[in-house]
Amino acid sequence: MNIYTLDIPLCKDFSLMLKTFSKKVIFLEDPLNQRHLFHASTDLLQSLFILPLHISKDCWQQTSMFALAESLEIPILFIYKRSKRMEDPQVLPKKTLYEIIAVPANSVEIKIKFKSLQNISMQLYSAKMNEQELEKINKKSKKSLHIARNFQQLGLPLSIQKKDIEIHGLFQPSSELSGDLFYWMEVDDGKYGFIIIDVCGKGIHTALISMSIRTLMPDLIKRVKDPIFITKELNKHMGQLFQDMQKISVNNSYFTAFIGYVNTRTRLIEYVNCGHPPAFMYSPCTNEIHNLSQGSIPIGLIPDMPIKKVVFQYDAGSRFITYTDGLSESFNRPAVNRFENIEREFIDNVHLDTHDLLQKLLVSRMKHSEINDDICIIAGTLF
């Protein structure tokens, strides 16, 4: 252990005592300018300051060394002379550890004090190193999660703005990664397919499941062109994804989805709602809202799931929204389901352009309570 003190009578006398223990003492002349001696963490671990218990404010070396010990958390052994009139010390360390000993002291007492400081210093050093290592791991994890989130966002489709259809989306993850996702594309001239999913649960595993589904979407939507068969393909995919995992919780292996196709030439919509919150479609001719909620149970629960497809014709100028439950549910106590609120907000703002409509829905949800779940919304107009 490296022992540092000041060239003052009390400290010099105590240093002479330490020589009998083969302890080398280093005298600091200008503590602040000699701060470089304690840059390395190993130097801090093996360092000890010896200071008078009653620090004189007139002695700048004493106050400087005390401040240095506090800032670098170097242990201090305070020494004082026994007297009948003992005054309380003006100040004691708040950050670093310390011991106090009266001089002259016997060899046993000195050994105990040194051993105590060394042991505690080792424990604190070990705890600090563990904390720093955890901090490094957390920083690395946050950076990796941020990169993964960027990949998720890059996988989102561009808006469609054509004479026959307009589709926009809003993606608002509650954390770095999301289990929610949407996708759409034009599959034929005048025919468009779209899908929105919400993987059950939270955490990295939900993001991995959603991204595995995202890789299938372009081919499925363009090749299959039917919501029923897409549902079956995704259900099969979930079965294969988890078949080798033992004792997997059902809560970690299913997702809700809304899968739809729009044919702008025939003005037909066909969809399957797989346990997803109901989508809404507004008809300008009748001024009515249609609730699109039929289809099936969530995907991934059972191998042979019953599926019902709904097909209907829409009016020119119809508008629609579909969303994940982060928009409709509040997990504050008591839990609140906002389906009716969303339907009303959709009707009240159906005159807005699609971008402003999406922002209105999000702001309304933010005003209601803290957002603690991912939010995805698809909104569009069928001309």
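Student: Buried means under 20% relative accessible area, exposed means over 50%, and partly exposed is in between (1.4 Å probe, protein chains only). Which of these is Gly 203?

Tutor: Gly 203 is partly exposed, because its relative accessible area is 38%. This is a predicted model, where local features need pLDDT of at least 70, side-chain atom pairs count only at pLDDT 80 or more, and totals for chains, interfaces and linings use all residues. Residues are numbered from 1 along each chain as its sequence is written, and side-chain values use heavy atoms, leaving out hydrogens and water.

Student: Where is Gly 203?

Tutor: In the loop between strand 9 and helix 5. Helices (H or I, at least four residues) and strands (E, at least two) are DSSP runs, numbered from the N terminus.

Student: Which residues of helix 5 are buried?

Tutor: Thr 206, Ala 207, Ile 209, Ser 210, Ser 212, Ile 213 and Arg 214.

Student: What covers them?

Tutor: The cover includes helix 4, strands 8 (180–188), 9 (191–199) and 10 (255–263), and helices 6 (217–223) and 7 (227–242).

Student: At what angle do helix 4 and helix 5 pack?

Tutor: Helix 4 (residues 107–154) and helix 5 (residues 204–214) pack at about 30°, and their axes are 12 Å apart. Axes are lines fitted to C-alpha atoms, for helices over the stretch in contact, and angles run from 0 to 180 degrees between N-to-C directions. That makes helix 4 roughly parallel to helix 5. Roughly parallel covers angles under 35 degrees.

Student: Which residues meet there?

Tutor: From helix 4, Leu 145, Phe 151 and Gln 152; from helix 5, Ile 204, Ala 207, Ser 210 and Met 211. Contact means heavy atoms within 4.5 Å. The contact has five nonpolar residues, two polar and no charged. Ala, Val, Leu, Ile, Met, Phe, Trp, Tyr, Cys and Pro count as nonpolar, Asp, Glu, Lys and Arg as charged, and the others, Gly among them, as polar.

Student: New topic. Lys 111: buried or exposed?

Tutor: Lys 111 is exposed, at 54% relative accessible area. Its place is in helix 4.

Student: What about helix 9? Which residues are buried there?

Tutor: In helix 9 (residues 339–348), Ile 342, Glu 345 and Phe 346 are buried. Seen down the axis, they fall within an arc of 100°, so they line one face of the helix. The arc is that of the directions from the helix axis to the C-beta atoms.

Key:
Angles under 35 degrees count as roughly parallel, over 145 as roughly antiparallel, 65 to 115 as roughly perpendicular and the rest as oblique.
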